[in-house]
Amino acid sequence: MSAVAARVPVLEARGLVKHYGVVTALDGADFDLYPGEILALIGDNGAGKSTLIKALSGAIVPDRGEIFLNGTPVHFRNPLEARRNGIETVYQDLALAPALDIAENLFLGRELRRRDIIGIVLRVTDRPRMLREARAHIADLKINVGSMKQSVETLSGGQRQGVAVARAAAFASRVVIMDEPTAALGVRESGMVLDLIREVRARGTPVVLISHNMPQVFEIADRLHVMRLGRRVATITPASHSMTEAVALMTGAASSQGPTKG
Amino acid sequence: MLARLRWTEFGRDPGAAIARARLISTLGPLIALLLASIFFSIRTDRFLTTENLSLITQQVAVVGVLAIGQTLIILTAGVDLSCGAVMAFGTIVMTKLAVTHGVNPFLAIALGIGVCLGFGVLNGLLVTVLRLPPFIVTLGTLNIAFALTHITSNEETIANLPDPVVFFGNTFRFAGTTITYGSVLAVALTLITWFVLTKTVGGRHVYATGNNPDAARLAGVRTRRVLLAVYATAGLLYGIAALVLVGRTGVGDPQAGQSANLDSITAVVVGGTSLFGGRGSVLGTLVGTLIVGIFRNGLQLLGVAAIYQFLITGVLVILAVAVDQLSRRRQA
């Protein structure tokens, strides 16, 4: 699963800049995501990881710089536009509505409507079809959560994250972005979510993963994008660098000459 | 196989507790309604007569309609203190136009409902555009509507209303009981709202917005549009409640509806809808409205002084909120 430099990146960014008042969150950041890979985004707090992700998922609009989807320039003004282009994001813990059931959460914001007249005029939902398709999506990722009519609050943290990932995977035709998907989970549940991420990759969708958990990142990622002070300082692989070396790059203790930089 | 076992093992415990809490909030109001009815049937001879049941349906119709709008707003984790005052202003506008200014009664009704809709839109814009808390917004519009009611009416009750304005006070006989069209309208509006809330895309978005606005917004729900629609619809319903009220009393009364905001909130909460948003049902609100109505009526029949009805209502509402709060705390 190593990156092939000759291929066109699925998602690419060049020279992204974002200021918040006097704070510079992104200072000319580049980004490349290749087909079929799990790319981990690592960096110290305030390095600009979240801002970069937000720019890629349409949650913020960068002040400068360009974003390319399959080589074509794109300008996302909001998360909806990014999603329409096949980029789905799993947010840390505000992804689901706990009182709604699994099927409703999976289709939240893009409910399936009945195809007859009452579906078109009165916008009546097609509940049976949503339940059926939700079951298929959940089964697709081998998540065991029982009934699709269960409200999400009855699920464990790992199961909830499973539903959030399933939603992203079901609708992401190009990219899945995950912001700290295991931060709130125990060891065993984290393991389950990591399996899910691999499952998403196996189905052909590349994944961008933000994580603070170095052992986890080294276990799962094909490549690591290291950020420092609002820029990409290196792109490394678990094979090319040790965890200590990665941390040194993050903190600026080591020089930023990664072998596959650029 | 191992993975399968692990998934289920984690999900079990919180699930059972929440299912129990949900059952309590759904069945609780119905059981309370049943017990109250049985109690008053045993203690008084007059409770279970057709005349009295007919009276109850007439008494609860106005609050029943208001409470539908209140349910919509509470489902979005808001609250509306202005509903009673807005309704009162609506009654004055429609009766004053029809009687004093000789406006066509149907146009007068439309304008009366229109000002209520206008207040709903105003509430909605203040909540969504200025992002002010609903409690404060509706406290403000409560006072504005209250003042406008008294200014436009000159503190005078408006009588001699033309027929169309009092239509919903008309009655028909059904199964030996006298029923007003206003009561039928209240039930019909409840059923329509239930359908919209549970079966349509917009209705599900109301629940999602109330339950987790951030998640809803990130999932592509236009939450501000949902909120605006909810406040506007509630305003429209207050206008309809105004029409039902005028039909029931036969006059435009500037003093009307002063406790209707708390009555409607009580009905919603007793009916099992959570003040924290995203959970509940407008059918529960109908049951809640009946519970409050039956308590008022039954205590009256028992000869209990009116002030104790307030006491009982207060206890009911605290009890309902406590059940809701405790069931939420357990799952945290």
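Start with the second largest cavity, whose volume is about 40 Å³. A cavity is a set of points on a 1 Å grid over the protein atoms alone where a 1.4 Å probe fits but cannot get out, and lining residues have an atom within 4 Å of a point. The volume is the space filled by probe spheres set on the points, which are joined across faces, edges and corners. Select A:Leu100, A:Glu104, A:Leu108, A:Glu111, A:Met130 and B:Arg204, which line the second largest cavity.

This is a predicted model, in which local features need pLDDT of at least 70 and side-chain atom pairs count only at pLDDT 80 or more, while totals for chains, interfaces and linings use all residues. Residues are numbered from 1 along each chain as its sequence is written, chains are lettered from A in the order in which they are written, and side-chain values use heavy atoms, without hydrogens and water.

Next, go to the largest cavity, with about 130 Å³ of space. Select A:Arg83, A:Glu88, A:Thr89, A:Tyr91 and B:Leu218, the closest to its centre of the 17 lining residues. Then select β6(A), which gives the largest share of this lining, four residues; strands are DSSP runs of E, at least two residues long, numbered from the N terminus.

Now show both chains. Here 33 residues of chain B are in contact (heavy atoms within 4.5 Å) with 32 residues of chain A. Finish at A:Glu153 and B:Arg279, which form a salt bridge with the closest N and O atoms 2.8 Å apart. The term means a side-chain nitrogen of Lys or Arg within 4 Å of a carboxyl oxygen of Asp or Glu.

Definitions and conventions:
On a 1 Å grid over the protein atoms alone, a cavity is a set of points where a 1.4 Å probe fits but cannot get out, and a pocket is an open set with protein on both sides within 12 Å along at least five of seven lines; lining residues have an atom within 4 Å of a point.
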